Amino acid sequence: LSDVDAFGAAVGIYRASVFLNKKVNIVVNEVTTSLRPLMDSFLAGQDKAEDIVIKSPQAIERADGSTVVVVVDTNRPSYTECQELLNKCKTIVVLDHHRRGNEVIQHAALSYVETNASSSCEMVAEILQYFADNVRLKGGEADCIYAGIMIDTDNFMRKTGVRTFEAAAFLRRCGADVTRVHKMFRTDMAEYKARAEAVRHAEVYKGFALTSKGLASPTIVGAQAANELLNIVGVRASIVLTEYNGRIYVSARSIDDVNVQVIMEKMGGGGHLNMAGVQLECTLEEAM
């Protein structure tokens, strides 16, 4: 399931490919409510917008031996939008900021995995700066990449380094509008109440706040609830579980002394020291 960081990074790769006069598509199978305003903003500024974002069947149909596949924000084949493309295409590039697990994309021509980066969008923003002198991002594109950094750092509060702010400054110069991005991620009343409900029903166990109550979106709202739980005194780490389309999406967050990455890796997921997650195929009760 594509999140904001994955989509923002894909938008950056799209702009680099267009600069090189290459035909390029972004593969997204399902557009979540959190991704919709961002995607609409990006497509509004493009020519032939209806042909840019495609689904897996179209991607498989269009791909051939000379197609380059760029995977962003994951290095696991099973987490990609279209795993079949990895088998069909010879040239694969991986750009990711998550630590490698047991499952990894094989035979990549370039595998750039930078675990110190805050987000894939930060990495792509850096690449664009040094890609060519006259690469010009459109405002909607800069917004998408900036949004990926903003979400993955919880508004520049976590895992933020000097390079994160340099990437953000570059995007700001390219026309990213901070207010416009912020407005895209305002929640409606139902989502806000769902998040408050999740926090209200959280149980604290040995310093871990766990909740699985009433969240509709696994990507943004689940992460926001997890971040919010960290503001409670005595909570060392938070774990939020969201049921979505028959799967359980888990968002785990910590402040400093708990390594949630190790916990999520034991469950088949991964991430970073203070921010990790996993997708499970079981019931909500079993996940809890």
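Serine 34 is buried, with a relative accessible area of 10% (buried is under 20%, with a 1.4 Å probe and protein chains only). This is a predicted model, where local features need pLDDT of at least 70, side-chain atom pairs count only at pLDDT 80 or more, and totals for chains, interfaces and linings use all residues. Residues are numbered from 1 along each chain as its sequence is written, and side-chain values use heavy atoms, leaving out hydrogens and water.

**Around serine 34**
- Serine 34 sits in the loop between β1 (26-27) and α2 (36-44); helices (H or I, at least four residues) and strands (E, at least two) are DSSP runs, numbered from the N terminus.
- Its side chain makes a 3.1 Å polar contact with the side chain of threonine 32 (a pair of N or O atoms within 3.5 Å, where one must be able to donate a hydrogen and the other to accept it).

**Overall fold**
- The chain has twelve helices and eleven strands.
- Its radius of gyration is 18 Å, close to the 19 Å that the globule rule gives for 288 residues, so the chain is as compact as a globular protein of that length; the radius is over C-alpha atoms, and the rule is 2.2 Å times the number of residues to the power 0.38.
- Along the principal axes, the C-alpha atoms fill a box of roughly 55 × 40 × 35 Å.

**Packing and surface**
- Of the 288 residues in the chain, 50% are buried.
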